[in-house]
Amino acid sequence: DWIVITDADGTYPSGRIAELLDLRREADMVVGARVSAGARIPVVRRPAKWVLRRLAEFLAFTDIPDLNSGFRVIRRAAIERFAAVLPDGFSFTTTITLAMLSSGFRVTYFPIDYRYRVGSSKIRPIADTAAFLALIVRTSLYFNPLRVFLPVALGFIAASALVAVLTWAFTDRLMDVTTVLLFVTGIQLLGLGLLADLVNRKTS
């Protein structure tokens with residue numbers, strides 16, 4: 001009924017699997033979060049991980065201490081429920097995290113150490129960071145589309161108002177075409193987001 005995963009490169013404290021299993025009684029997924037003083041995450045990867053985690057927290061509307069930790073125990077039924085959208089590679093952990101948080105599953109985190117890797121990493125910093133960014137947005141669109149569409153739509157509407165006010169104030173003219181285009185784009189995105197949210201609720 002439960003699946004435990006960990007990496008095979010010696011980075012995660014596999015000796016703590018028993019603790020991982022003890023915490024599952026009150027959760028659907030327990031994640032070993034690399035936030036303790038002994039978590040040796042390479043400095044070069046920290047800025048990108050911080051940005052991606054903050055974006056995921058905004059879209060999932062909850063705190064996520066560790067977005068893609070590879071040390072966790074997951075209820076098998078949850079994996080089976082999301083099997084159609086789960087990828088095979090590195091992004092499996094990110095996707096299952098966002099999917100479960102967006103769907104109301106109980107996720108628990110506990111701090112762990114993270115040791116230096118045995119061998120070389122297969123992660124490509126630029127390409128994989130871009131892929132993770134696209135994955136976070138795509139997964140959020142799938143489970144909670146309004147969290148993506150609403151800020152963008154409001155941004156366009158606010159930009160239309162700003163252009164109208166500034167051009168009228170400083171040039172005594174109104175950039176009416178630009179203002180209308182920005183406003184209409186915002187309204188269309190808002191409508192698209194509401195429609196996507198409706199479809200998501202009807203099919204979930």
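Student: In which sense do strands β2 and β3 (residues 72–75) pair, and over how many bridges?

Tutor: The model is a predicted one, in which local features need pLDDT of at least 70, side-chain atom pairs count only at pLDDT 80 or more, and totals for chains, interfaces and linings use all residues. Residues are numbered from 1 along each chain as its sequence is written, and side-chain values use heavy atoms, with hydrogens and water left out. Strands (E, at least two residues) and helices (H or I, at least four) are DSSP runs numbered from the N terminus, and two strands pair if DSSP finds at least two bridges between them. For β2 and β3 the sense is antiparallel, and the count is three bridges.

Student: Which residue of β3 is the bridge partner of valine 31, and which residue in β4 stands opposite glycine 32?

Tutor: β2 pairs with β4 in the parallel sense over five bridges. In β3, valine 31 has arginine 72 as its bridge partner. In β4, the residue opposite glycine 32 is phenylalanine 110.

Student: How many residues of strand β2 (residues 29–33) are buried?

Tutor: Buried means under 20% relative accessible area, exposed over 50%, and partly exposed in between (1.4 Å probe, protein chains only). Met29, Val31 and Ala33 point one way from β2, whereas Val30 and Gly32 point the other way, and all are buried. β2 is therefore largely enclosed by the rest of the structure, the buried residues being five of the five.

Student: Why does the pair of tyrosine 12 and tyrosine 114 count as edge-to-face?

Tutor: Rings of Phe, Tyr and Trp (its six-membered ring) pair if their centres lie within 6.5 Å; planes under 30 degrees apart are stacked, over 60 edge-to-face, and the rest tilted. The whole structure holds five aromatic pairs. In this one the ring centres are 5.1 Å apart, and the pair is edge-to-face because the planes stand at 65°.

Student: How many residues apart are tyrosine 12 and tyrosine 114, and is each of them buried or exposed?

Tutor: Tyrosine 12 lies in the loop between β1 (2–5) and α1 (17–22), and tyrosine 114 in the loop between β4 (107–111) and α5 (125–143), so that distant parts of the chain are linked across 102 residues. Tyrosine 12 has a relative accessible area of 3%, and tyrosine 114 likewise has 3%. Tyrosine 12 is thus buried, and tyrosine 114 is also buried.

Student: At what distance from the ring centre of tyrosine 114 does the charged end of arginine 34 sit?

Tutor: A charge sits over a ring if NZ of Lys or CZ of Arg is within 6 Å of the ring centre and within 35 degrees of the ring normal. Arginine 147 lies over the face of phenylalanine 58, at 4.4 Å from the ring centre. For arginine 34 over tyrosine 114, the distance is 4.9 Å.
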